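Let's walk through this structure together, beginning with a single residue and ending where two chains meet. Keep the viewer open as you read.

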There are 2 protein chains.
Amino acid sequence: MYQQHVVIDGLQYSKWNRDYFMMLHASGIHAVHVTLVYHEDARTTLTRFAEWNLLFEQHSDLIMPVYSAEDIESAKASGKVGIFFGAQNCSPIDDEIGLIGVMRRQGLLIMQLTYNNQSLLATGCYEKQDTGITRFGRQAIAEMNRVGMIIDMSHSAEKSTLEAIEISERPICISHANPLFAHKALRNKSDTVIKALAAKGGILGFSLYPFHLPNGSQCTLEDFCQMVAQTADLVGTDALAIGSDLCLNQPISVLEWMRNGRWSKVMDYGEGSSSNAGWPDSLPWFTGKSGMENIYNGLVKTGFNEQEAGKIIGGNWLAFLRHSLPTRQ
Amino acid sequence: MYQQHVVIDGLQYSKWNRDYFMMLHASGIHAVHVTLVYHEDARTTLTRFAEWNLLFEQHSDLIMPVYSAEDIESAKASGKVGIFFGAQNCSPIDDEIGLIGVMRRQGLLIMQLTYNNQSLLATGCYEKQDTGITRFGRQAIAEMNRVGMIIDMSHSAEKSTLEAIEISERPICISHANPLFAHKALRNKSDTVIKALAAKGGILGFSLYPFHLPNGSQCTLEDFCQMVAQTADLVGTDALAIGSDLCLNQPISVLEWMRNGRWSKVMDYGEGSSSNAGWPDSLPWFTGKSGMENIYNGLVKTGFNEQEAGKIIGGNWLAFLRHSLPTRQ
């Protein structure tokens with residue numbers, strides 16, 4: 001049964017307000033990995049934390065901050081939705097390695113080494129040339145391993161991703177991306193990456209973002225579950241999870257921010273185009289409160305047993321967080 | 001016996017290095033309130049935290065971070081010196097009330113509303129006119145009460161201090177200052193302030209900074225203990241503690257930074273003068289590892305019993321931290 005399992009969405013960046021929290025609550029989701037920043041520097045990241053602290057204060061009946069796997073269990077037990085933070089860029093640390101520990105203490109549990117461009121640490125998936133992990137990147141990986149900040153390579157290029165998996169002494173995550181075999185996109189991941197990730201105990205969160213799905217906005221629940229099943233054939237079920245990349249109720253300015261930050265003078269349309277500049281049409285089976293439950297039922301229908309479906313819907317995220325978050329002495 | 005008591009110094013800003021930590025360790029001090037910043041803004045405060053995290057990492061056999069009263073007990077039990085942080089200015093929050101909670105989570109347990117000048121929150125003790133707690137200051141006090149960040153009025157003017165005590169729903173501290181009756185200085189505190197502080201459960205940390213002592217650098221241990229005894233006559237022993245203001249091994253550039261920050265084009269000599277611009281001569285009985293033990297023995301010799309001396313040397317700080325640090329729901 002869906003309700004008995006812990007349910008975790010590995011990435012969302014929706015318009016956060018009380019109505020949305022009530023919908024999350026009704027959906028049976030116990031915890032969400034929330035994107036805190038896309039391009040913000042260290043100082044602005046503090047403001048993002050402060051804004052969320054106010055939401056926690058104002059909606060303490062519905063949501064609570066998550067700093068550990070145990071907090072997710074508390075959220076589930078208390079009927080609240082747990083929120084844990086990740087950065088879709090290494091911008092929160094500016095150029096300062098000591099800010100990894102500082103941001104980890106603040107509650108940044110997960111950090112991408114890059115967004116779509118070259119960063120100080122590695123190469124993003126939209127660049128033409130991928131030179132892998134940089135000098136700073138090698139130290140940053142070691143420091144993230146030490147303080148228990150999870151490395152996320154969702155937006156990074158292939159060589160950078162394989163090197164991160166290799167260099168890191170702890171498993172890493174790809175919180176929101178799909179296999180290339182299901183849909184060709186710069187953001188999706190090769191079999192080589194998925195196998196290397198899984199072989200070292202990493203986790204892959206399947207995305208529900210239409211630009212990354214087979215058949216785009218026409219992707220059916222069956223198409224999605226088939227993709228998950230084929231990935232299970234490749235690497236088993238321990239590494240599989242959901243990272244929906246749900247960006248509900250967001251104005252187009254947010255999409256433009258993600259694509260352009262402050263680096264681009266020319267409008268960058270990302271995976272869209274000037275004639276298709278807006279958000280993709282949402283999936284009818286993954287909008288509103290039934291999304292995760294639909295996936296669970298779809299997985300069981302596809303041939304996963306209830307235990308496997310439970311792992312994919314949240315159990316694997318919980319286990320991954322439990323061994324990834326503690327500080328190393 | 002000195003060794004059986006918990007020993008806490010309510011303020012230091014020395015040159016932090018392994019030798020110094022070893023001296024602290026040998027002194028029997030269990031925890032120190034360390035000044036993290038004098039004038040630094042929010043972003044630079046993050047760097048100060050990062051620098052200390054590196055010290056904690058490199059000297060983990062000698063020191064440990066303190067985030068709660070229980071951590072001080074752990075420090076004592078494990079034979080390490082606990083370090084807890086305060087700001088001598090409200091500069092770490094910039095102009096943003098949400099940064100109070102953010103800095104509290106980072107480990108800023110104590111914050112002065114002002115240094116010597118007018119701040120966004122209140123008036124510093126060197127200003128000619130003291131208009132008390134500002135509009136922002138009132139909200140900041142409420143927010144500090146809520147998140148369990150201790151209000152410190154060591155450097156603030158009289159009206160501001162009395163208003164802070166009045167407005168705050170939780171006791172406040174004056175971590176490092178002496179009674180005016182013992183020595184006249186802009187930094188020292190009137191009977192009115194000391195009584196109001198103690199009446200609401202606050203704590204006063206007696207300073208060992210020669211410019212704030214009777215007879216300056218010629219102040220004897222007996223002079224110092226006499227000052228403590230007279231204060232006990234005024235308000236009893238529960239509100240009394242030590243906040244040495246020890247600034248050992250610091251170059252004159254640090255003293256200039258404290259006095260001038262980035263606000264003054266003209267060299268400000270503070271309590272010195274152009275012909276007396278440097279650090280005051282240190283007290284022979286409060287330099288090196290025997291300082292706190294000398295005070296303890298001096299207090300007992302002056303007439304305090306061992307329990308009272310133990311409270312003053314650290315017990316009162318521990319009790320104050322225990323009830324001041326938890327978040328209010």
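Predicted model: local features only at pLDDT ≥ 70, side-chain atom pairs only at ≥ 80, totals over all residues.

Residues are numbered from 1 along each chain as its sequence is written, chains are lettered from A and ligands numbered from 1 in the order in which they are written, and side-chain values use heavy atoms, with hydrogens and water left out.

To find B:Asn178, look in the loop of chain B between strand S7 (173-174) and helix H7 (191-199); helices (H or I, at least four residues) and strands (E, at least two) are DSSP runs numbered from the N terminus. Setting aside neighbours within four places in sequence, B:Asn178 has contacts that include B:Phe206, B:His212 and B:Met227, where contact means heavy atoms within 4.5 Å. With B:His212 there is a further detail: the side chain of B:Asn178 reaches the backbone oxygen of B:His212 at 2.9 Å.

Now move along chain B to B:Gly261, in the loop between helix H9 (252-260) and helix H10 (291-302). B:Gly261 is also buried, with a relative accessible area of 17%. Beyond neighbours within four places in sequence, B:Gly261 touches B:His39 and B:Glu256. Its C-alpha atom is 7.8 Å from that of B:Tyr38, although 223 residues separate the two along the chain.

Finally, turn to the place where the chains meet. There, 20 residues of chain A are in contact with 20 residues of chain B. The two chains bury about 1700 Å² between them, 48% of it on carbon and sulfur atoms; this is the accessible area (1.4 Å probe) lost on putting the two parts together, summed over both. Six salt bridges link chain A and chain B, each a side-chain nitrogen of Lys or Arg within 4 Å of a carboxyl oxygen of Asp or Glu. One of them joins B:Glu57 to A:Arg146, with the closest N and O atoms 3.3 Å apart. On the side of chain A that touches chain B, the elements giving two or more residues are helix H2 (42-58) and helix H4 (98-106) of chain A. Of these, H2(A) gives the most, with eight residues.

Conventions
Polar contact = N/O pair within 3.5 Å; in protein donor to acceptor, adjacent residues only side chain to side chain. Buried < 20%, exposed > 50% of the residue type's maximum accessible area, 1.4 Å probe, protein only.
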